[in-house]
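The sequence and the structure are shown first.

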Amino acid sequence: MEVCYQLPVLPLDRPVPKHVLSRRGAISFSSSSSLFGGPAPRQLSKRRGAISYDSEDQTALYIRMLDVRVRSQVGFEPERRRSHPYLYVDFRTLHSRPEAARPVSARNVRRLLSFQRYLHPSRFFHGIPANNPLGYILDDDYTGQAKLMLQKVGNWNFDIFLFDRLTNGNSLVNLTFHLFNTYGLIELFQLDMVKLRRFLVMIQEDYRCQNPYHNAVHAADVTQAMYCYLQEPKLAETLTSCDLLLGLLAAATHDLDHPGVNQPFLIKTDHYLAALYKNSSVLENHHWKSAVGLLRESDLLSHLPTEDRLNMEERLGSLILATDISRQNDYLSEFRTHLDKGDLCLTNGGHRHFILQMALKCADICNPCRPWKLSKQWSEKVTEEFFHQGDIERKHNLEVTPLCDRQSNSVANIQIGFMAYVVEPLFVEWSRFSDTRLSQTMMSHLSLNKQGWNEGRDKQEASSSRASEEQTTPATKDSNSKVLPQGSKGS
């Protein structure tokens with residue numbers, strides 16, 4: 001079937017309950033068309049993320065938040081693992097609604113649908129109004145605030161948790177799409193908007209939502225931080241459009257399909273990824289190869305010359321591999337040497353790429369440099385993920401990684417060490433390179449957050465000390481009460 005970019009206005013025969021509208025995922029709602037056969041729509045509720053909303057004629061469309069699937073005579077096509085490619089459906093074959101039906105306003109329909117505008121990129125970005133009343137990237141009713149937040153996406157206090165809620169769990173897709181639009185990358189690289197949207201959806205779906213920390217929200221947060229760094233004067237004046245494209249892509253995909261455990265765990269459990277990548281940058285290689293796989297599957301860059309496309313994939317890999325924390329000292333030492341010599345020249349392509357690597361490294365571990373409200377949430381999430389790994393290791397009689405042992409560690413201790421030995425040395429050098437207001441703000445937050453965790457640790461230790469004293473004091477009194485009478489008898 002050929003693709004049709006106009007969707008009909010789909011009527012509803014009764015109001016949709018609020019609890020249905022508030023659900024994330026898919027909504028199956030009624031249409032009067034008898035085009036679709038197969039089981040009743042109620043069966044759709046058995047599918048992941050689906051909500052069935054049946055009607056008198058028992059026919060339905062299955063609408064995911066960012067892509068569209070139609071039930072046909074043979075049912076749904078098989079889904080790709082955690083990704084949902086578009087089905088090529090000619091929506092013009094839908095039957096019109098009977099005249100007796102009550103009309104429904106476009107506003108009510110917009111409340112139900114949240115998917116991309118099916119328009120040609122040039123019409124979308126040149127502001128030409130669309131005939132389709134459903135053509136909105138974000139629904140007006142419940143994500144109007146998200147649009148306002150995107151106007152301040154370069155603010156270091158950007159609350160990615162709030163933005164994720166306002167976009168119904170689609171922060172990575174909407175943020176990255178907005179940044180591509182902001183930089184004009186869609187037109188510069190002649191990217192097909194449907195392919196781009198599909199690619200971003202596949203990225204978001206390939207992050208494991210069950211991970212407390214390494215999930216799509218973390219990727220969105222890193223992408224927002226990367227944008228802040230790309231806006232710094234030294235970078236904004238010298239980076240090319242290709243640098244910007246790769247920087248944003250690397251940020252969005254840098255932890256793709258992260259399993260929620262670290263490299264040593266994969267190695268000691270003889271995981272197939274450890275064998276595949278020979279115990280070297282195992283996770284980072286997997287993130288890179290996964291990103292390349294999605295790029296090729298979506299055909300996002302298929303219109304570019306083969307040599308250029310392969311070069312971009314290699315540069316993307318170089319950026320993602322730089323996030324390997326085990327190689328932190330190597331990159332930091334090289335960065336410090338460049339700064340001491342003062343020989344960084346951003347008109348040089350190699351030097352620009354190195355700075356992009358350092359920027360991505362900073363974005364990846366910038367949580368301690370965020371305001372306390374945000375930083376504390378990230379600290380608790382990453383520690384929860386660490387402790388979960390430790391629990392698995394203990395359950396299977398493996399050596400428990402010290403950092404992941406909940407019996408001997410606390411959030412405060414982990415964060416204080418992480419800030420002192422990993423974060424602060426990196427951001428001190430970044431501040432030398434880019435001595436701006438943003439760098440001063442980050443260092444200020446880092447200092448305040450260290451102080452906050454130190455105070456929390458001191459209070460926790462004091463509380464533990466008082467608790468132990470209270471436990472030993474009654475025992476001492478009981479012991480004395482038994483000794484004294486014996487002493488009096490012996491005198």
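A residue is called buried when its relative accessible area is under 20%, exposed when that area is over 50%, and partly exposed in between, as computed with a 1.4 Å probe on protein chains only. By this definition, buried residues make up 52% of the 491 residues in the protein. The model is predicted, so that local features need a pLDDT of at least 70 and side-chain atom pairs count only at pLDDT 80 or more, whereas totals for chains, interfaces and linings use all residues. Residues are numbered from 1 along each chain as its sequence is written, and side-chain values use heavy atoms, with hydrogens and water left out.

The protein has 20 helices and 3 strands. Here helices (H or I, at least four residues) and strands (E, at least two) are DSSP runs, numbered from the N terminus. Contact means heavy atoms within 4.5 Å. Of the contacts in the protein with a separation of 6 or more, 73% are between residues 24 or more positions apart.

The axes of helix α6 (residues 171-182) and helix α8 (residues 193-206) come within 9 Å and cross at roughly 140°. These axes are lines fitted to C-alpha atoms, for helices over the stretch in contact, and the angles run from 0 to 180 degrees between N-to-C directions. The crossing of α6 and α8 is right-handed; a crossing is left-handed if the near helix is turned anticlockwise from the far one by less than a right angle, and right-handed if clockwise. On the α6 side, the contact is made by S171, L172, V173, N174, T176, F177 and F180. On the α8 side, M193, L196, R197, L200, V201, I203 and Q204 take part. By class, this contact has 9 nonpolar, 4 polar and 1 charged residues. Ala, Val, Leu, Ile, Met, Phe, Trp, Tyr, Cys and Pro count as nonpolar, Asp, Glu, Lys and Arg as charged, and the others, Gly among them, as polar.

The loop between α8 and α9 (216-230) holds H214. H214 counts as buried because its relative accessibility is 14%. Its side chain makes a polar contact with the side chain of E385 (2.5 Å). A polar contact is a pair of N or O atoms within 3.5 Å; within protein, one must be able to donate a hydrogen and the other to accept it, and residues adjacent in sequence count only if both atoms are side-chain atoms. Not counting residues up to four places away in sequence, H214 touches Y207, R208, D255, H258 and E385.

The expected span of a helix is 1.5 Å times one less than its number of residues. For the 24 residues of α18 this gives 34 Å, and the end C-alpha atoms are 34 Å apart, which agrees. After α18 comes N397, whose phi is positive, near 60°. N397 lies in the loop between α18 (372-395) and α19, and is exposed because its relative accessible area is 72%. Most residues other than glycine have a negative phi. N279 also has a positive phi, near 60°; it is found in the loop between α13 (272-276) and α14 (282-298) and counts as partly exposed at 40% relative accessibility.

What caps the N-terminal end of α17? N348 does so, with a side-chain oxygen 2.8 Å from the backbone nitrogen of G350. Helix α17 (residues 349-364) has 16 residues and should span 22 Å, and its end C-alpha atoms are 23 Å apart, which agrees. Of these 16 residues, 14 are buried. Between α16 (328-341) and α17, the loop contains C345, which is partly exposed, with a relative accessible area of 35%. C345 and T238 are 107 residues apart along the chain, and their C-alpha atoms are separated by 9.7 Å.

T436 counts as buried because its relative accessibility is 18%. The side chain of T436 makes a polar contact with that of E232 (2.4 Å). Apart from residues up to four places away in sequence, T436 touches E232 and P233.
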